[in-house]
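Visitor: I have some questions about this protein. Could you take me through the structure?
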Amino acid sequence: MYSTPPRPDLDELLASMGAAGARICEIDASEAGAGNLSIYVGWDIEVRRRFPIAEGIVLPVPAPALAGRTILVTGSGRRLRQIHQDPEANIGALVVHDDGSTATLHTSPRRLFDRLTSEFNSHLAVHQDQVARRGVDFQAVVHAQPMNLTYLSHIPAYRDTAAINARILRWEPESIVSLSAGIGVLEFMIPGSAELMAANIEGLREFEIVLWSKHGVMARSDLSITRAVDRVEYAETGARYEYMDLVAGGRAQGLTPEEIGAVAREFDIDSRWVH
Ligand SMILES: [Zn+2]
(Lines give C-alpha, C1' and ligand atoms only; values in the text may rest on other atoms or scores of the structure.)
Protein backbone atom coordinates (compact mmCIF):
# COMPACT_ATOMS: atom_id res chain seq x y z
CA MET A 1 0.00 0.00 0.00
CA TYR A 2 2.75 2.42 0.99
CA SER A 3 5.50 0.90 -1.17
CA THR A 4 6.11 4.34 -2.65
CA PRO A 5 5.89 7.77 -0.97
CA PRO A 6 3.97 9.66 0.26
CA ARG A 7 3.91 7.63 3.42
CA PRO A 8 2.47 8.68 6.76
CA ASP A 9 5.11 10.14 9.09
CA LEU A 10 5.52 9.42 12.80
CA ASP A 11 3.42 12.39 13.90
CA GLU A 12 0.57 11.27 11.66
CA LEU A 13 0.80 7.66 12.84
CA LEU A 14 0.73 8.69 16.51
CA ALA A 15 -2.21 11.01 15.84
CA SER A 16 -4.03 8.16 14.08
CA MET A 17 -3.51 5.93 17.13
CA GLY A 18 -4.97 8.69 19.28
CA ALA A 19 -8.00 8.99 17.01
CA ALA A 20 -8.45 5.21 16.92
CA GLY A 21 -8.24 4.93 20.71
CA ALA A 22 -10.78 7.71 21.18
CA ARG A 23 -13.19 6.13 18.70
CA ILE A 24 -12.91 2.67 20.31
CA CYS A 25 -13.92 4.32 23.59
CA GLU A 26 -16.76 6.30 22.03
CA ILE A 27 -18.37 3.03 20.94
CA ASP A 28 -17.90 1.56 24.43
CA ALA A 29 -15.46 -1.06 23.22
CA SER A 30 -12.79 -0.43 25.85
CA GLU A 31 -13.43 0.12 29.53
CA ALA A 32 -10.55 1.59 31.57
CA GLY A 33 -7.29 -0.04 30.41
CA ALA A 34 -8.90 -2.64 28.14
CA GLY A 35 -7.96 -2.83 24.47
CA ASN A 36 -4.66 -2.20 22.72
CA LEU A 37 -3.30 -0.94 19.40
CA SER A 38 -0.22 -1.52 17.26
CA ILE A 39 1.12 -0.38 13.90
CA TYR A 40 3.84 -2.09 11.87
CA VAL A 41 5.84 0.38 9.78
CA GLY A 42 7.75 -1.29 6.93
CA TRP A 43 10.03 1.63 6.06
CA ASP A 44 12.69 3.65 7.86
CA ILE A 45 11.23 5.98 10.40
CA GLU A 46 13.04 8.13 12.97
CA VAL A 47 11.59 7.57 16.45
CA ARG A 48 14.37 8.78 18.79
CA ARG A 49 13.37 12.42 18.85
CA ARG A 50 9.96 11.67 20.35
CA PHE A 51 11.05 8.46 22.12
CA PRO A 52 14.61 9.17 23.35
CA ILE A 53 14.93 6.44 26.03
CA ALA A 54 16.21 3.11 24.67
CA GLU A 55 16.29 -0.32 26.29
CA GLY A 56 16.80 -3.84 24.96
CA ILE A 57 13.98 -6.37 25.20
CA VAL A 58 13.44 -9.98 24.18
CA LEU A 59 10.43 -10.35 21.88
CA PRO A 60 7.63 -12.60 23.17
CA VAL A 61 7.72 -14.50 19.86
CA PRO A 62 10.34 -14.53 17.09
CA ALA A 63 9.63 -12.02 14.31
CA PRO A 64 12.40 -12.44 11.70
CA ALA A 65 10.28 -10.92 8.90
CA LEU A 66 10.17 -7.64 10.86
CA ALA A 67 13.97 -7.27 11.24
CA GLY A 68 15.06 -3.64 11.13
CA ARG A 69 11.46 -2.40 11.15
CA THR A 70 9.44 -0.45 13.68
CA ILE A 71 6.27 -1.29 15.59
CA LEU A 72 4.34 1.36 17.51
CA VAL A 73 2.40 -0.27 20.35
CA THR A 74 0.40 0.78 23.39
CA GLY A 75 1.68 0.26 26.93
CA SER A 76 0.15 -2.18 29.40
CA GLY A 77 -2.80 -0.76 31.34
CA ARG A 78 -2.93 2.49 29.38
CA ARG A 79 -6.35 3.89 28.58
CA LEU A 80 -7.09 4.05 24.86
CA ARG A 81 -9.18 7.16 25.42
CA GLN A 82 -6.15 9.10 26.69
CA ILE A 83 -3.66 8.30 23.90
CA HIS A 84 -4.61 11.38 21.90
CA GLN A 85 -3.85 13.66 24.87
CA ASP A 86 -0.23 12.50 25.04
CA PRO A 87 0.75 9.72 22.60
CA GLU A 88 4.32 9.41 23.94
CA ALA A 89 3.04 8.71 27.46
CA ASN A 90 1.01 5.75 26.22
CA ILE A 91 2.96 4.28 23.28
CA GLY A 92 6.36 2.65 22.80
CA ALA A 93 8.31 2.36 19.51
CA LEU A 94 9.95 -1.00 19.06
CA VAL A 95 12.74 -1.50 16.52
CA VAL A 96 13.30 -5.20 15.80
CA HIS A 97 16.94 -6.34 15.66
CA ASP A 98 18.39 -8.35 12.78
CA ASP A 99 18.22 -11.56 14.84
CA GLY A 100 14.41 -11.28 14.82
CA SER A 101 14.19 -12.24 18.48
CA THR A 102 15.28 -9.09 20.30
CA ALA A 103 14.45 -5.42 19.86
CA THR A 104 15.13 -1.94 21.14
CA LEU A 105 12.16 -0.35 22.89
CA HIS A 106 12.18 3.42 22.51
CA THR A 107 10.06 5.35 24.97
CA SER A 108 9.47 8.87 26.20
CA PRO A 109 10.48 10.36 29.59
CA ARG A 110 6.72 10.88 30.03
CA ARG A 111 6.03 7.15 29.64
CA LEU A 112 3.24 5.93 31.96
CA PHE A 113 3.68 2.16 31.60
CA ASP A 114 6.19 -0.46 32.72
CA ARG A 115 5.65 -3.03 30.01
CA LEU A 116 4.02 -3.23 26.60
CA THR A 117 0.45 -4.53 26.39
CA SER A 118 -0.01 -8.10 27.65
CA GLU A 119 -1.60 -8.91 24.28
CA PHE A 120 1.59 -7.85 22.48
CA ASN A 121 2.40 -11.46 21.58
CA SER A 122 -0.80 -11.63 19.48
CA HIS A 123 -0.12 -8.27 17.80
CA LEU A 124 3.49 -9.18 17.01
CA ALA A 125 2.60 -12.65 15.72
CA VAL A 126 0.02 -11.19 13.32
CA HIS A 127 2.54 -8.62 12.02
CA GLN A 128 5.16 -11.35 11.55
CA ASP A 129 2.67 -13.64 9.80
CA GLN A 130 1.23 -11.04 7.41
CA VAL A 131 4.61 -9.54 6.52
CA ALA A 132 6.15 -12.99 5.94
CA ARG A 133 3.21 -14.32 3.90
CA ARG A 134 1.93 -11.25 2.07
CA GLY A 135 4.84 -8.82 2.18
CA VAL A 136 2.71 -5.96 3.50
CA ASP A 137 4.69 -2.79 4.25
CA PHE A 138 2.14 -1.46 6.72
CA GLN A 139 -0.34 -3.05 9.05
CA ALA A 140 -2.49 -1.80 11.91
CA VAL A 141 -3.89 -4.16 14.53
CA VAL A 142 -6.58 -3.33 17.10
CA HIS A 143 -7.81 -5.33 20.06
CA ALA A 144 -11.05 -4.07 21.60
CA GLN A 145 -13.84 -5.41 23.76
CA PRO A 146 -17.11 -4.33 22.11
CA MET A 147 -19.96 -5.25 24.39
CA ASN A 148 -22.63 -6.52 21.99
CA LEU A 149 -20.31 -8.76 19.96
CA THR A 150 -18.79 -10.14 23.12
CA TYR A 151 -22.22 -10.70 24.65
CA LEU A 152 -23.36 -12.66 21.57
CA SER A 153 -20.26 -14.85 21.86
CA HIS A 154 -21.50 -15.93 25.29
CA ILE A 155 -24.56 -17.48 23.60
CA PRO A 156 -23.56 -20.95 22.36
CA ALA A 157 -25.68 -20.72 19.17
CA TYR A 158 -23.78 -17.59 18.11
CA ARG A 159 -20.33 -18.98 18.86
CA ASP A 160 -19.91 -20.18 15.29
CA THR A 161 -18.57 -18.34 12.26
CA ALA A 162 -21.43 -19.13 9.86
CA ALA A 163 -24.11 -18.50 12.47
CA ILE A 164 -22.84 -15.13 13.64
CA ASN A 165 -22.28 -13.78 10.11
CA ALA A 166 -25.82 -14.77 9.12
CA ARG A 167 -27.11 -12.84 12.14
CA ILE A 168 -25.02 -9.67 12.17
CA LEU A 169 -24.66 -8.94 8.43
CA ARG A 170 -28.45 -8.63 8.01
CA TRP A 171 -29.15 -5.30 9.67
CA GLU A 172 -27.75 -2.69 7.31
CA PRO A 173 -27.35 -2.77 3.52
CA GLU A 174 -23.74 -1.61 3.82
CA SER A 175 -22.77 -4.47 6.15
CA ILE A 176 -22.08 -6.89 3.28
CA VAL A 177 -20.09 -4.16 1.51
CA SER A 178 -18.04 -2.92 4.46
CA LEU A 179 -17.57 -6.30 6.07
CA SER A 180 -17.74 -8.58 3.04
CA ALA A 181 -15.33 -11.17 4.46
CA GLY A 182 -17.36 -11.22 7.67
CA ILE A 183 -16.03 -12.04 11.10
CA GLY A 184 -14.28 -15.23 12.20
CA VAL A 185 -15.19 -16.77 15.54
CA LEU A 186 -12.59 -18.27 17.87
CA GLU A 187 -13.49 -20.30 20.95
CA PHE A 188 -12.67 -18.89 24.38
CA MET A 189 -8.96 -19.05 25.13
CA ILE A 190 -6.91 -17.64 27.99
CA PRO A 191 -5.93 -14.00 27.27
CA GLY A 192 -2.31 -13.70 26.25
CA SER A 193 -1.90 -17.49 25.82
CA ALA A 194 0.10 -19.18 23.08
CA GLU A 195 -3.07 -21.03 22.09
CA LEU A 196 -4.99 -17.79 21.49
CA MET A 197 -2.01 -16.33 19.65
CA ALA A 198 -1.89 -19.26 17.22
CA ALA A 199 -5.65 -19.37 16.59
CA ASN A 200 -5.68 -15.60 16.11
CA ILE A 201 -2.95 -15.70 13.42
CA GLU A 202 -4.89 -18.38 11.58
CA GLY A 203 -8.18 -16.48 11.87
CA LEU A 204 -6.72 -13.21 10.60
CA ARG A 205 -5.39 -14.95 7.47
CA GLU A 206 -8.98 -15.51 6.43
CA PHE A 207 -10.83 -12.64 8.09
CA GLU A 208 -9.87 -9.04 8.78
CA ILE A 209 -11.65 -9.25 12.13
CA VAL A 210 -11.94 -12.17 14.53
CA LEU A 211 -14.09 -12.55 17.63
CA TRP A 212 -12.29 -13.90 20.67
CA SER A 213 -15.27 -15.56 22.35
CA LYS A 214 -16.21 -14.22 25.80
CA HIS A 215 -13.46 -11.58 25.50
CA GLY A 216 -13.44 -9.21 22.50
CA VAL A 217 -12.15 -8.79 18.96
CA MET A 218 -8.96 -8.30 17.00
CA ALA A 219 -9.05 -6.47 13.66
CA ARG A 220 -6.33 -5.69 11.14
CA SER A 221 -5.91 -3.34 8.18
CA ASP A 222 -3.22 -2.79 5.53
CA LEU A 223 -4.36 0.82 5.17
CA SER A 224 -4.71 2.54 8.52
CA ILE A 225 -5.58 1.99 12.14
CA THR A 226 -8.81 3.92 11.72
CA ARG A 227 -9.84 1.41 9.01
CA ALA A 228 -9.24 -1.42 11.47
CA VAL A 229 -11.42 0.43 13.99
CA ASP A 230 -14.11 0.90 11.31
CA ARG A 231 -14.18 -2.88 10.96
CA VAL A 232 -14.81 -3.23 14.68
CA GLU A 233 -17.52 -0.60 14.48
CA TYR A 234 -19.36 -2.23 11.54
CA ALA A 235 -19.33 -5.62 13.25
CA GLU A 236 -20.35 -4.15 16.59
CA THR A 237 -23.23 -2.22 15.01
CA GLY A 238 -24.59 -5.44 13.52
CA ALA A 239 -24.24 -7.10 16.91
CA ARG A 240 -26.05 -4.20 18.58
CA TYR A 241 -29.02 -4.61 16.24
CA GLU A 242 -28.96 -8.34 16.89
CA TYR A 243 -28.94 -7.84 20.64
CA MET A 244 -31.75 -5.30 20.35
CA ASP A 245 -33.77 -7.80 18.35
CA LEU A 246 -33.15 -10.58 20.88
CA VAL A 247 -34.34 -8.30 23.66
CA ALA A 248 -37.37 -7.23 21.61
CA GLY A 249 -38.38 -10.86 21.15
CA GLY A 250 -36.98 -11.41 17.66
CA ARG A 251 -39.71 -9.44 15.89
CA ALA A 252 -37.62 -7.84 13.17
CA GLN A 253 -37.20 -9.24 9.69
CA GLY A 254 -33.69 -7.96 8.96
CA LEU A 255 -32.50 -7.87 5.36
CA THR A 256 -33.39 -11.15 3.68
CA PRO A 257 -30.68 -13.24 1.98
CA GLU A 258 -32.18 -12.10 -1.34
CA GLU A 259 -31.93 -8.45 -0.36
CA ILE A 260 -28.34 -8.89 0.82
CA GLY A 261 -27.57 -10.69 -2.46
CA ALA A 262 -29.05 -7.83 -4.48
CA VAL A 263 -26.90 -5.27 -2.62
CA ALA A 264 -23.78 -7.41 -3.13
CA ARG A 265 -24.43 -7.70 -6.87
CA GLU A 266 -25.05 -3.97 -7.21
CA PHE A 267 -21.74 -3.17 -5.49
CA ASP A 268 -19.84 -6.03 -7.13
CA ILE A 269 -19.07 -7.70 -3.80
CA ASP A 270 -17.72 -11.22 -3.75
CA SER A 271 -18.57 -12.73 -0.39
CA ARG A 272 -19.05 -16.23 0.89
CA TRP A 273 -21.96 -14.88 2.96
CA VAL A 274 -24.01 -14.11 -0.14
CA HIS A 275 -26.17 -16.93 -1.43
ZN1 LIG B 1 -8.67 -7.94 26.08
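**A walk through the model**

Guide: Start at Ala199, which sits in helix α7. Keep in mind that this is a predicted model.

Visitor: Which residues is Ala199 in contact with, leaving aside its neighbours within four places in sequence?

Guide: Ala199 belongs to helix α7. Its C-alpha is separated by 9.6 Å from that of Ser122, a residue 77 positions away along the chain. With neighbours within four places set aside, the contacts of Ala199 are Leu186 and Met189.

Visitor: Stay in helix α7. How far apart are the closest N and O atoms in the salt bridge of Glu202 with Arg205?

Guide: Both Glu202 and Arg205 lie in α7, residues 194–206. They are three residues apart, about one turn of the helix. Arg205 is partly exposed, at a relative accessible area of 37%. The closest N and O atoms of the pair are separated by 3.5 Å.

Visitor: What is the reach of helix α1 from its first C-alpha to its last?

Guide: Helix α1 covers residues 10–26, so count 17 residues. At 1.5 Å a residue, the expected span is 24 Å. The reach in the model is close to that: 24 Å.

Visitor: Which residue caps the N-terminal end of α1?

Guide: Look for a side-chain oxygen by the backbone nitrogen of Asp11.

Visitor: What covers the buried residues of α1?

Guide: The buried residues of α1 include Leu10, Leu13, Leu14, Met17 and Ile24. Gly18, Ala20, Gly21 and Cys25 are also among them. Strands in the cover include β1 (36–41), β3 (70–74), β4 (91–96) and β6 (138–144). Helices in the cover include α2 (87–90) and α8 (225–247).

Visitor: Arg23 and Glu26 form a salt bridge. Is Glu26 buried or exposed?

Guide: Both residues lie in α1, three residues apart, about one turn of the helix. Arg23 counts as partly exposed, because its relative accessibility is 30%. Glu26 has 55% relative accessibility, so the class is exposed.

Visitor: Why does the pair of Glu242 and Arg170 tie together parts that are apart in sequence?

Guide: The two side chains meet in a salt bridge at 3.0 Å, N to O. Glu242 lies in helix α8, and Arg170 in the loop between α5 (161–168) and α6 (175–178), so the parts tied together are 72 residues apart in sequence. Glu242 is buried at 1% relative accessibility. Arg170 is buried too, with a relative accessible area of 10%.

Visitor: How many salt bridges does a search of the whole structure find?

Guide: Side chains of opposite charge can pair when their charged atoms come close. Some salt bridges here link up in a network, joining Asp11, Arg50, Asp86, Glu88 and Arg110. The search of the whole structure finds 20.

Visitor: On to the metal. Which protein donors does the zinc ion have?

Guide: The donor residues are spaced H-x1-Q-x69-H in sequence. The donors lie 2.1 Å from the zinc ion. Both His143 and Gln145 are buried. The donor atoms are NE2 of His143, OE1 of Gln145 and NE2 of His215.

Visitor: With which side chain does the side chain of His143 make a polar contact?

Guide: His143 is found in strand β6. It is buried, with a relative accessible area of 1%. The residues His143 touches include Glu119, His123, Trp212 and Met218. The polar contact spans 3.2 Å, and the partner is His215.

Visitor: Finally, the whole protein. What radius of gyration does it have?

Guide: The secondary structure comes to nine helices and nine strands. Of the 275 residues, 55% count as buried. The C-alpha atoms fill a box of roughly 60 × 35 × 35 Å along the principal axes. A compact globule of 275 residues would have a radius near 19 Å, and the protein agrees, at 19 Å.

Terms used
Residues are numbered from 1 along each chain as its sequence is written. This is a predicted model: local features need pLDDT of at least 70, side-chain atom pairs count only at pLDDT 80 or more; totals for chains, interfaces and linings use all residues. Side-chain values use heavy atoms; hydrogens and water are left out. Helices (H or I, at least four residues) and strands (E, at least two) are DSSP runs, numbered from the N terminus. The expected span of a helix is 1.5 Å times one less than its number of residues. Buried means under 20% relative accessible area, exposed over 50%, partly exposed in between (1.4 Å probe, protein chains only). Contact means heavy atoms within 4.5 Å. A polar contact is a pair of N or O atoms within 3.5 Å; within protein, one must be able to donate a hydrogen and the other to accept it, and residues adjacent in sequence count only if both atoms are side-chain atoms. Donors are N, O and S atoms within 2.8 Å of the metal (3.2 Å for Na, K and Ca); water is not among the atoms, so sites may look incomplete. A salt bridge is a side-chain nitrogen of Lys or Arg within 4 Å of a carboxyl oxygen of Asp or Glu. The radius of gyration is taken over C-alpha atoms; the globule rule is 2.2 Å times the number of residues to the power 0.38.
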